[in-house]
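Good morning, colleagues. I would ask you to look at the sequence and the structure on the screen while I speak.

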Amino acid sequence: MRVQVIDHPLVAHKVSVLRDKNTPSPVFRQLTDELVTLLAYEATREVKTVQVEVETPVAVTIGTAFAKPTPLVVPILRAGLGMLEGMTRLVPTAEVGFLGMARNEETLDIITYAERLPADLTGRQVFVLDPMLATGGTLIESIKFLFDRGAEDVTCICLIAAPEGLARLEAAYGDNDKVHLVLASLDERLDENAYIVPGLGDAGDRLYGVAH
Ligand SMILES: O=P(O)(O)OC[C@H]1O[C@H](OP(=O)(O)OP(=O)(O)O)[C@H](O)[C@@H]1O
Ligand SMILES: O=c1cc[nH]c(=O)[nH]1
Ligand SMILES: [Mg+2]
């Protein structure tokens, strides 16, 4: 598994504003969108391409296009939905599949309540979007789901991760070179409720309002 924490002032600035508890939802959504585009630049470095002929007004040259099958982007509902548009703006030919997962805040078990994905992912490069990697339960479940369907490789774009979740992910996929994780920040720890410290609170609630 390859882990990249993007060390860039633009990313650091946007994450800082995102963390601020006084940042309202519309700004939070905008920053989430902008951060994805910055992280996606690195996350898509290994996307498969083919050479194509391009005719410029001056000459014929060789250009680059995404290979087929086209990449699949999978936002993990709810919070991952806030990252979708920023990603598809950069990879407009990507297809989109959905996984709805929620963490039971008492047991921390993961409930998969929605799934809308191609039945066969053989040969597909998959990009998973979820802003928070806390205990790692959600991401481990998602990656397993995608490999079970035949995904060729899985790149996860997360905004903030906890060391505890990263360690669980390493234990599950550490020697799998088909898993790639791109982060904006690796934070200090989890608190007693398994929230990331300092984190930004509940990403889904901050994007869309308190769920229950
Ligand atoms: O690493 P974990 O401990 O599994 O926690 C991370 C998950 O928690 C959040 O989702 P949540 O369950 O709050 O659902 P939501 O997006 O609907 O708010 C977050 O978006 C991740 O999916
Ligand atoms: O800090 C956390 C942990 C899990 N889910 C969130 O949205 N935030
Ligand atoms: Mg939530």
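This is a predicted model: local features need pLDDT of at least 70, side-chain atom pairs count only at pLDDT 80 or more; totals for chains, interfaces and linings use all residues.

Residues are numbered from 1 along each chain as its sequence is written, chains are lettered from A and ligands numbered from 1 in the order in which they are written, and side-chain values use heavy atoms, with hydrogens and water left out.

An unreviewed UniProt entry places the feature "domain: Phosphoribosyltransferase" at residues 5-209. UniProt positions are given in the numbering used here, feature names are shortened, and annotations may be inferred rather than shown by experiment. The span 5-209 is 32% helix and 31% strand, and its end C-alpha atoms lie 28 Å apart. Helices (H or I, at least four residues) and strands (E, at least two) are DSSP runs, numbered from the N terminus.

I turn to ligand 1. Which residues come nearest to ligand 1? Of the 17 residues around the ligand, they are Arg-103, Asp-130, Ala-134, Thr-135 and Thr-138. A residue counts as near a molecule if one of its heavy atoms lies within 4 Å of it. A polar backbone atom of Arg-103 is 2.8 Å from an oxygen atom of ligand 1. For the side chain of Thr-135, the distance from an N or O atom to a ligand oxygen is 2.6 Å, and for the side chain of Thr-138 it is 2.5 Å. Taken alone, ligand 1 exposes 500 Å², of which the protein buries 93%. These accessible areas come from the Shrake-Rupley method with a 1.4 Å probe; for residues, only the protein chains shown count as cover.

Which elements give two or more residues to this shell? They are strand 6 (98-103), strand 9 (132-133) and helix 4 (137-148). Strand 6 provides the largest share, three residues. Ala-134 is found in the loop between strand 9 and helix 4.

Next, ligand 2. Its surroundings are Arg-103, Met-132, Ala-134, Ala-194, Tyr-195, Ile-196, Gly-201, Asp-202 and Ala-203. Oxygen atoms of ligand 2 lie 2.8 Å from a backbone N or O atom of Ile-196 and 2.8 Å from a polar backbone atom of Ala-203. At Gly-201, a backbone N or O atom lies 2.8 Å from a nitrogen atom of the ligand. Ligand 2 exposes 240 Å² when taken alone, and the protein buries 89% of that.

Now the binding sites in the record. The unreviewed UniProt entry places one "binding site" feature at Ile-196, Gly-201, Asp-202 and Ala-203. Gly-201 is in the loop between strand 13 (196-197) and helix 6 (203-208). Another "binding site" feature from the unreviewed entry includes Arg-78, Arg-103, Asp-130 and Thr-138.

Finally, the backbone. Most residues other than glycine have a negative phi, and most peptide bonds are trans. Leu-108, although not a glycine, has a positive phi of about 65°; Leu-108 is found in the loop between strand 6 and strand 7 (110-116).

Thank you for your attention.

Methods:
A polar contact is a pair of N or O atoms within 3.5 Å; within protein, one must be able to donate a hydrogen and the other to accept it, and residues adjacent in sequence count only if both atoms are side-chain atoms.
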